[in-house]
Amino acid sequence: MNVGRILVVDDEPQIRRVLRSTLTAEGYEVRDARTGEDALTALREERFDLILLDMNMPGMGGMETCRQIRESSEAAIIMLTVRDAEEDKVAALNAGADDYITKPFSTPELLARIRAALRRLPVAAQAHPESIHLPGLEINLPMRRIVVKGREVRLTPKEFDLLQYLLANPNVPIPHGRLLQAVWGPDYGGQVEYLRVFMNRLRKKIEPEPSAPRYLVTEPWVGYRFVLPGEADRL
Amino acid sequence: MFIQWKILIRQLAWSAIVLIAVTLVCIRVFPVNATTAGLVYLIAILGIASASGLATAVASSLAAMLCFNYFFLPPVGQFTIADPQNWIALAAFLIAALVASRLSSHARSQAREARRRVEESEHLYAFSRAILLAGPDQPLGSHAAQQIAELFNCRAVALFDAKTGETFRGGVEDLPAEDKLKEAVERGVRIGNGQVIVAPVILGGPPIGSLALKGPPFSEDALRAVLNLVAIAFERVRAQEAASAVQAARQSEELKSTLLDAIAHEFKTPLTSIKAASTSMLSNGSLAPQIRELGTIIDEEADRMNSLVTEAVRMSQIEAGKMRLERTAVDVGALLSDVVAQFGPRAEGRELSLTVSPGLPQISADSELVSLAIRQLIDNALKYSPPASPVRVRIDSGPDGVYVHVHDDGPGIPPRDRERVFQKFYRRAGKANVPGSGLGLFIARAIVRTHGGDVWIEETGGGCEFCMSLPLQKEIAEKRGQTTLSPDANR
């Protein structure tokens, strides 16, 4: 039973070894890479569902590898960080990671995060049968296509899930906790900084003016809201 | 003295020539009457007195009077002493000579004095340059002694530094004045016998050294100036030494911190594999009990090593002043709920309760570091109280901030130890088998103090209560944004 394909990127052989052993036992198919360059090569050769990426690697470091991976792949990325500092976490998420975990970690926790990252929200077809057309933004949920000012924009799975959930309840403020649990899973609820980073990423990708968001609006102290103006044209 | 005789003889010779010349001129070349002659002699005397010393002036006055008497006063060709006019003439010559002589010698000695002072000033200037511009690695003591000897023409100089006990010498002769030098420092007064002066070097306090000089006399001002310069030079050397010691200490701390950071990273790498393997193994439900027990031990010890390394790194960061706070608006109630929730498995079976007063204000703090500090207090409470007793955490607010109380039912801390528990590496006596590095409370208090608050032990009926205060946002907003943690962040 193949639950998913995981690429493990870390310069430490023992860590690669223990992760391979653990993940294989869980049913994942595992390939590993020693450096960022090797990881990019592997990605060119095969498709992966999730990438475990070490933040501190010699040569092309974890952050740079993450950015380069994001240019061509929407696979889920979990970064392994050494320090617990907030700035590291935010930096990891800003570089395109979907989640992170601090070393040393406990394996059950890592497995839970992997499951959360691989989780996909089912597209509720009845809510939005076709596309949503907004000025400068076209969202086609069933086909998972987003077009901004005529150009197609690729969202990572978590970014798409977040957008989808907000759209499922338009014009209503959705609390942080609910968003986190819906998109990341029941183990999450307090990581407001995740939301902050992901909302920023989404805004940069789909808002006509990311610094003055029209659609993805912050509800101070509460959460976020998708503004769907009036009865937007639904074809 | 010999030189003075030579000068005297020269002056007498010149004045004699002048007088003879005047006499000849007044008799032969321009024959004049007595009055005119008298006036001419007067002028001659004035001139002689201006250019010569007093003795020559007086002698010339007498000689001039005799010439005047002999050649001009009637009866000419004879010495007539009886005539009162004679005596008046003599008196006039003498008075003029005296006055002129005194004025001119006064002026000359003033000029000499001025030249001497100028020379002294130049020497002092050269000395001050030599001393104050000396590089930090030049041995200042011997340099100063030699400069004094050279510039001021001293035959022997001895400079005594009271702090190090060293004596520096300069000049060609030797000045064995050790005891005098020390005496000058102790008594703080000048000691001099004849040619040797020993003076204490003072810079607004007790003497820091002394200076012995053997040579030409110094003016009081010059001596004082030299002593002050020497004092300043000493102080400068001391200040430089202190500054470079501080810099060396700071560099050593930074080096230690960098080293510790690198070592911590090295430790965390194998710890990662160990922890991943142990937790993975333990998540298997069907382990034989003994294997599970062994695996648990590995897991717990890996945790312990991890927290030791983290604490050590944090402590070295605090010591090096490198830790930075990232302040955000923090809801202490929510923060504490998270912290308490994280204690779940560790507080197994024990009651860990949290009471939050309503209406708590938000504070501006670094949430991670404050969580760490609170975790430390709760950890302590759990460690040092009986296994089944409850630990109660309470938050309330006061007019100036938020207060967190952690209470346990353990034996408590006696008043004499209440300050000591916060010191580095302090472990309570008799509790040596309780795990820990003794750094937790030190770090917790350093964190809270940098936020402007404090950690202390409250007096309670039974058990032990730690209190932590975190000041309100408004007060903190006055201090600017990010602050660096330092071990003696004062309240």
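User: Before the counts, what makes a residue buried here?
Analyst: A residue is buried if 20 or more other C-beta atoms lie within 10 Å of its own. The C-beta atoms are placed from the backbone. Keep in mind that this is a predicted model.

User: What share of chain B counts as buried, then?
Analyst: 30% of its 491 residues.

User: And how much of chain A?
Analyst: Chain A has 235 residues, and buried ones make up 36% of them.

User: What fraction of the contacts join residues at least 24 apart?
Analyst: Take contacts between residues at least 6 apart in sequence. In chain A, 58% of those join residues at least 24 apart. In chain B the figure is 64%.

User: Let's go into chain A. How many residues of strand β3(A) are buried?
Analyst: Five of five, across residues 50-54. Both faces are covered. L50(A), L52(A) and D54(A) are on one side, with I51(A) and L53(A) on the other.

User: How many bridges join it to β1(A), and which way do they run?
Analyst: Four bridges join β1(A) and β3(A), and the two strands run parallel. One pairing there: I6(A) has L50(A) as its bridge partner.

User: And with β4(A)?
Analyst: β3(A) and β4(A), residues 76-81, share five bridges and also run parallel. There, D54(A) is partnered with L80(A).

User: Which residues have the most contacts inside the largest nonpolar core?
Analyst: L50(A), I51(A), L52(A), I77(A), I78(A), M79(A) and A97(A). That core has 61 residues. Helix α8(A), residues 192-206, gives the largest share, with six residues.

User: What does A97(A) touch?
Analyst: Leaving out residues up to four places away in sequence, A97(A) touches C66(A), I77(A), I78(A), M79(A) and A92(A).

User: Switching to helices. Which residues of α2(A) are buried?
Analyst: G36(A), A39(A) and L43(A), in a helix that covers residues 36-45. Down the axis they fall within an arc of 55 degrees, so they line one face of the helix.

User: What do those buried residues pack against?
Analyst: β1(A), β2(A) and α3(A), which cover 4-9, 28-33 and 62-72. The face turned away from the buried side carries the exposed residues T41(A), R44(A) and E45(A).

User: Now α7(A). Which of its residues are buried?
Analyst: H176(A), L179(A), L180(A), V183(A) and W184(A). They cover an arc of only 95 degrees around the axis, which puts them on the same side of α7(A).

User: What are the packing partners of α7(A)'s buried residues?
Analyst: α5(A), α6(A), β10(A), α8(A) and β12(A).

User: What follows the helix?
Analyst: G185(A) comes after α7(A), with a positive phi near 125 degrees.

User: Over to chain B. What is the strand order in the sheet of five?
Analyst: β2-β1-β5-β4-β3, all in chain B. The sheet is open and its pairing is antiparallel.

User: Which strands are at the edges?
Analyst: β2(B), 167-170, and β3(B), 191-193, as each pairs on one side only. The twist averages 10 degrees from one strand to the next.

User: How many bridges join β3(B) to β4(B)?
Analyst: Three, with the strands antiparallel. Opposite G192(B) stands I197(B) of β4(B).

User: Which strands does helix α5(B) lie across?
Analyst: β1(B) and β2(B). The helix covers residues 140-151 and runs at about 30 degrees to β2(B).

User: Last topic, the contact between chains. How many residues from each?
Analyst: 16 residues from chain A and 18 residues from chain B.

User: Which helices of chain A supply at least two residues to it?
Analyst: α1(A), 13-25, and α5(A), 107-118. The largest share on chain A's side, five residues, comes from α1(A).

User: How many of chain A's touching residues are nonpolar, polar and charged?
Analyst: Seven are nonpolar, five polar and four charged.

Note on methods
Residues numbered from 1 in each chain as written. Chains lettered and ligands numbered in written order. Predicted model: local features only at pLDDT ≥ 70, side-chain atom pairs only at ≥ 80, totals over all residues. Contact = placed C-beta atoms within 7 Å. Nonpolar A, V, L, I, M, F, W, Y, C, P; charged D, E, K, R; others polar. Buried ≥ 20, exposed ≤ 12 C-beta atoms within 10 Å, placed from the backbone. Arc of directions from axis to C-beta. Core = buried A, V, L, I, M, F, W, Y, C linked by C-beta atoms within 7 Å. Pairing = 2+ DSSP bridges. Axes fitted to C-alpha atoms, helices over the stretch in contact; angles between N-to-C directions.
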